[in-house]
Amino acid sequence: MSERLIAIDWGTSNFRAFLVDRASGECLDSHRSDAGLRSLSSEEFPHYCEAQVGGWREGDRVPVYLSGMVGSARGWCEAPQLNVPASAAELAAGLMAAPGLSNAWIVPGLKVIRDDHVDVMRGEEVQAFGALALREVTSGLCCLPGTHSKWVHLEGERLTDFTTVMTGELFHAVRFHTLPGEPARERAAFDEVGFRQGLHAATHPDGPLHAIFEARSRHLYAGLSAEAVGGFISGVLIGSEVLSQRKRWQDTSVTLIGSTSLNSLYRMALEWAGGSVVEISSDDATLAGLCALAKRHEER
């Protein structure tokens, strides 16, 4: 068995690969690109992957473990999602061999199918298990901010439930494709004053659909500057998301798993709403999660 493994998080718009020391979990090298699912056909996946990480593989001695949308019907090949509740051991048992590349394995992802709730995830389950392993706990609530944010509940080493919230995608749509977002389109800098105003607006009794429009009316008549409009819209949407999950987090800390920039916004929103937060980077969570899956897979 190689003393190293390759961990890959491959999503719709990004490719992240890490060469990892098994014993320590240390990242020895990494590679990132914008070659997400949208830019490749299914036949190109094994060739692209080998081109990016072949220099680390020692032939095919170093195994490759892949998580994310790479395992969807739109990706390399479809790895059927498991029902929750599910453990990391069950995820490891469900790993699928990646067609066209030897000693490469795709994580299956998870799904919720109930009368009152239907949901899916690919990749976030690995990060949630990894983050709690880094915290040395077996139960907790994780928030994974992003295009489609995930709120994930784990109990006794099993992922028991999760909810997807389309906050990031809605922010992009409102900012770039609606009248309220018009002043923000050419302004990329984050405005904290606008963000905090948006958080307050998220509590409006008429709900977030009205609060978003206040980006327009406040810009016209209440002193919301063009520079602050983007922050305001972000505050409304993230604030609404956080408030919608209050029953999940009000009696526990939230493990935030994401980039530094997104984690800081969600920390601000959660602390504003009365929550408490522990932050874990998405890279660290991915490495810890995939290393744990690899260990379980190779022990079988």
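Colleague: Which helix does the largest share of the lining of the second largest pocket come from?
Modeller: That share comes from α10, with seven residues. This is a predicted model, in which local features need pLDDT of at least 70 and side-chain atom pairs count only at pLDDT 80 or more, while totals for chains, interfaces and linings use all residues. Residues are numbered from 1 along each chain as its sequence is written, and side-chain values use heavy atoms, with hydrogens and water left out.

Colleague: Which other elements give two or more residues to that lining?
Modeller: Besides α10 (282-299), they are α2 (88-93) and α3. Helices (H or I, at least four residues) and strands (E, at least two) are DSSP runs, numbered from the N terminus.

Colleague: And which residues lie nearest the centre of that pocket?
Modeller: The second largest pocket is lined by 21 residues, and A88, F129, A133, E157 and R296 lie nearest its centre. A pocket is an open set of points on a 1 Å grid over the protein atoms alone, where a 1.4 Å probe fits, with protein on both sides within 12 Å along at least five of seven lines; lining residues have an atom within 4 Å of a point.

Colleague: How many residues line the largest pocket?
Modeller: There are 50, of which P145, G146, T147, H148 and L262 lie nearest the centre. The elements that give two or more residues include β1 (4-10), α4 (167-177) and α9. Helix α4 gives the most, namely seven residues.

Colleague: New topic: which residues of α5 are buried?
Modeller: In α5 (residues 192-201), G194, F195, G198, L199 and A201 are buried (under 20% relative accessible area, with a 1.4 Å probe and protein chains only; exposed is over 50%, partly exposed in between). Seen down the axis, these buried residues fall within an arc of 160° (taken from the directions from the helix axis to the C-beta atoms), so they line one face of the helix.

Colleague: What do they pack against, and what does the other face carry?
Modeller: The buried residues of α5 pack against α6 (208-221), α7 (226-244) and α9 (260-273). The face turned away from the buried side carries the exposed residues V193 and H200.

Colleague: Where is H31?
Modeller: H31 is found in strand β3 (residues 27-33). This residue is partly exposed, with a relative accessible area of 27%.

Colleague: What is H31 in contact with?
Modeller: Leaving aside neighbours within four places in sequence, H31 is in contact (heavy atoms within 4.5 Å) with F15, R16, A17, Q52 and W56. H31 and F18 are 13 residues apart in sequence, yet 6.6 Å apart in space, C-alpha to C-alpha.
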